[in-house]
Each structure stands twice: as structure tokens, then as C-alpha cells.
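Colleague: Could you take me slowly through one part of this model, the surroundings of the ligand, and then go on to the place where the two chains meet?

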Amino acid sequence: MHQLVTDLLNGNRRAAARMISHVENDDLIKRELLKELYPHTGKAYLIGITGAPGSGKSSLVDCLLQEMRNDGLKIGVIAVDPTSPFSGGAILGDRIRMQDHALDHNIFIRSMGTRGSLGGLSRSTREAIQVLDAFGKDIILIETVGVGQSEVDIVKTADTTVVVLTPAGGDSVQTIKAGIMEIADIFVINKADLPGTERTTTEINVMLDMKKEGGWRPPVVQTVSVQNKGINYLWESLQEHRIYMQESGTLENIRLERVKRELTDQVEFLLKNSVWNQVKEEIKLDRLVEEIARREKDPYSAASELLDKLNIFEQKAGEDG
Amino acid sequence: MNRRKIRVLVAKPGLDGHDRGARVIARALRDAGFEVIYTGLHQTPEQVAETALQEDVDVVGLSILSGAHMTLVPRIKKLLIDNGMGEVLMVVGGIIPGDDAEKLLKEGHAEQIFTPGDSLDRIIGYISSKF
Ligand SMILES: Nc1nc2c(ncn2[C@@H]2O[C@H](COP(=O)(O)OP(=O)(O)OP(=O)(O)O)[C@@H](O)[C@H]2O)c(=O)[nH]1
Ligand SMILES: [Mg+2]
């Protein structure tokens, strides 16, 4: 077993941190490490926190950490902030609100830049979750970027998704981004110290009641994270949703879906690698490209012919190409 | 810059009251392509070192205006070394008299020290040159 994996399984925090860097940087060693970690994953419960910029996601994570620690749980946090498309750099500032927990060894917080990914998480968030899961965290909290990008990633990634809203002020909830109603397992109206809280809460409840579906009905929880108010209700709701997910069999289903996606992704990854490695060795791609550009061939038949020449399906797809 | 992003922790240890300077540096580093982990005011040396560890940073940049640099900088460097992170580039910015700066550098508590006269370009240039 790789030393880093042994150290991580022994609770070494530096090893966990190094491992996340390896997956983020797509280092060569990454797949080897993840392979060895995999048998130790699947135990953590994954909670996603999403919502508009500045709605209070990080402050809520900070408060939730306290509740969860009171219950003796070990928690991992992955906080994603946007990478600048211009420089490739990022300011990862979610930690500011969580620094009271920095010295608690049962909490591990990691900030990540999106690094070009658009779904509100980073390309390697899934893998970083695997690392913290194998590291022995009971719960992993994932804070998505606040920007108005699509939040689809978090629903596919988390077991429970919390959508954080703030009192709409003069606006009506109708203006809330389409799509966000569908993804929430729990609604939080944070900044409930501000005017408009009751109205926003009512409007969301009305919208939820119009959707007459069986199953889980998302609760709407009011919080004031800067005063630590309502956090116990949020924590209760999270636990109730987890129980619902387990008892209804939904958890098992979505986790199977997730594994299926992981498998498909890996097959596609290996196939792609294997094909392109052979193409590089055996086929003069430049010449083919020129022929297509001159319209002597079309890309559709060229691609089929190209694959026919390779024997990828006969030989075992080499690991890592 | 390649796939591997250079990660920089910008921290304000000690008691000084504002972090305008640190925020300006953080933005400049982002614009130069670095991933900046920013932790806000009033960080203890222990918090700085533990954050550096969890975030697996390549650089720790400390902004110290309180005058406590002679205790804070060596303390943080020692904690980093204890964590197996002795190789992290330690850069300090602040109102630091020449004699103090010399001592910190000579004793290996920091790799480079910047004072208010130094331009942003110089600071960014220095850090970039190390990777
Ligand atoms: N009045 C009020 N302000 C709050 C409350 N919760 C958070 N804030 C403030 O809202 C601002 C943003 O809080 P964060 O927790 O950083 O919000 P966030 O959603 O994590 O922000 P991003 O990660 O930048 O999208 C801070 O200035 C908080 O002090 C609250 O309950 N009431
Ligand atoms: Mg945040």
C-alpha cells in the first residue's frame, strides 16, 4: 500500500491534505491512490450547501460544525470558490467564517477553486470527498460556489442538498432562479433578522404545497447564522432527511446511481486514453486532418475508419493508457 | 502556469485591526494566477500553521502591522516545521525595522520580508520567481 494511504488511514492530517492536492492537480499517482482508498469510502454522509453569493453558506457551515461536534461527529468541509477565468487564480475566502474550528482535529476544512468547472463544484470535488470519506469523517459538508451557475452538480454529489435563501426584501420569491426549487431537500431562510422573512417563508411554503408530490416535503427553516439562531432546527431537519433517505431506500438508489456514473466515467476515460495512445502511435493524424479540411474525406467516415484500424477492443485496456 | 496551481495562504496573525493591505495582496496574487486562501483577521500562530497544513499551501504570506513580528514569525515557522512543512516559502509583509528583518532572515524564520515601500509587482514577482 502506498505510504500516503497508510498514513491517511492512520489519521494523519498532512497525508489527507497531500492526497487532496494530488487529485486536484491530476498527478500521475492519483488513480493509484484513489484505487487504494476506495474500499475505505462510502461511509460518510454528504451534505451540500448551495445558494446565492453572500447568502450565508459559510456562516451556516460554521454553525453546523458546532452542532455536529456537540453530537461527537467528525466532519470534513469542502468549500468551493470560483476560479478567475482570466488569470486562473482564485481567492478562497470561505474559511474566514470557519476559523474558530481550525484547531479542532476532528474537523478538516479544505478550500477548492472551481478551476474551469461550471456546475458549482470543482472538477475534483468528488475525489476530494473520497479522500475525506476514507479519512474517517462521518459527515462531509460541501459548500458550492455562490455564483449564478447551474447547481446541478451538487444534487448529483450530495445525499442531502440545502438551498440557502435570504428574505427577498421587496422582491417576490417568484424571481428566485428557476431550478432551485427542484433541487432543495431543505430550504433555509438565512438572515431571518432582516425584514421580509415571514413573507418569503410563506411564499416558498405555498410554492411547495402546489407541487403535490408524495415523498419528502422540504421544510423551510429560518436561521440567523450570525447569532446562531435556528441552527438546531436545521440540524434536526438534516437528520430527519437522512432518516427519510435511508428508510425510503432513496439513499441506496442515488448511491447506486453515483457508482454507476463513476464506473461509466472510468470506462470512458480508459477508452479515450487507449484510443488516443494508439492513434498517436499508428496513425498520421495530421494527414487525415488535412484530407478532411480539403473535403476529400468527411470527419464522420474518417472517425469510423480510424477506429476500425485500431484493435482496442481485442486487447485489455491498459491501466492509465 | 501549468496544471499545478501554486497555493498561497494569506494570513493576518496578531491583533492589528484592519486587513486592507492583506486583501490587496490577495487580489494581486489571484490576478497573477495563484490560489489564495484567505483567513481574515486575528489568527493565532496555531491557526495559521494548521490552516497551512489542511490547505497544503506552497507559500505562507503573513501581514503583520502590530509590531509583534519577532515573536509571531519564528513561532509560525516552528509550527510549520513541526508539521513537516519546513519547505513552505515564508514571506512576511509589514512595518518591520531593518535590523529585525535581517535577524528573521538570517535565522531562517522567513525567506523574504517586504515593507510598505515595496511595490505589489515586486512582491508578486518574488513569489512567482520561486515556482
Ligand atoms: N444580517 C445577517 N447577516 C448575515 C447572516 N448570516 C451571514 N450574514 C452576513 O452575510 C455575509 C456573507 O456571509 P457568508 O457566510 O460569507 O456567505 P456565503 O454564502 O458563504 O458567501 P459566498 O461564499 O461569498 O457566496 C457576511 O457579511 C455575514 O456576516 C445573518 O443571519 N444575518
Ligand atoms: Mg462562503
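Modeller: Before the residues are sorted by class, one convention is needed: Ala, Val, Leu, Ile, Met, Phe, Trp, Tyr, Cys and Pro count as nonpolar, while Asp, Glu, Lys and Arg count as charged, and the others, Gly among them, count as polar. Please keep in mind as well that this is a predicted model. With that convention, the shell around ligand 1 is made up of 8 polar, 6 charged and 4 nonpolar residues. These are the 18 residues that surround ligand 1, and the closest are Lys57(A), Ser58(A), Ser59(A), Arg97(A) and Ser225(A). Helix α4 of chain A, which runs over residues 57-70, contributes the most to this shell, with 3 residues.

At Ser58(A), a polar backbone atom is 2.8 Å from an oxygen atom of ligand 1, whereas at Arg97(A) an N or O atom of the side chain is 2.7 Å from an oxygen atom of the ligand. Asp94(A) also takes part through its side chain, with a polar atom 2.9 Å from an oxygen atom of ligand 1. On its own, ligand 1 has 650 Å² of accessible area, and the protein covers 75% of it.

Turning now to the two chains, 31 residues of chain A are in contact with 30 residues of chain B. Between them the chains bury about 2,500 Å², with 46% of that area on carbon and sulfur atoms. Within chain A, the residues that lose the most area to chain B are Arg14(A), Ile91(A) and Gln99(A), which together account for 24% of what that side buries.

The interface can also be described by its pairings, for there are 21 residue pairs in polar contact between chain A and chain B, and 8 salt bridges are found across it. One of these joins the side chains of Arg110(A) and Glu55(B), at 3.9 Å from N to O. On the side of chain A that touches chain B, the elements giving two or more residues are α2 (13-24), β3 (90-92) and β4 (107-113), and the residues of that side divide into 10 nonpolar, 11 polar and 10 charged.

Definitions and conventions: Residues are numbered from 1 along each chain as its sequence is written. Chains are lettered from A and ligands numbered from 1 in the order in which they are written. This is a predicted model: local features need pLDDT of at least 70, side-chain atom pairs count only at pLDDT 80 or more; totals for chains, interfaces and linings use all residues. Side-chain values use heavy atoms; hydrogens and water are left out. A residue is near a molecule or strand if one of its heavy atoms lies within 4 Å of it. A polar contact is a pair of N or O atoms within 3.5 Å; within protein, one must be able to donate a hydrogen and the other to accept it, and residues adjacent in sequence count only if both atoms are side-chain atoms. Accessible areas come from the Shrake-Rupley method with a 1.4 Å probe; for residues, only the protein chains shown count as cover. Helices (H or I, at least four residues) and strands (E, at least two) are DSSP runs, numbered from the N terminus. Contact means heavy atoms within 4.5 Å. Buried area is the accessible area (1.4 Å probe) that two parts lose on being put together, summed over both. A salt bridge is a side-chain nitrogen of Lys or Arg within 4 Å of a carboxyl oxygen of Asp or Glu.
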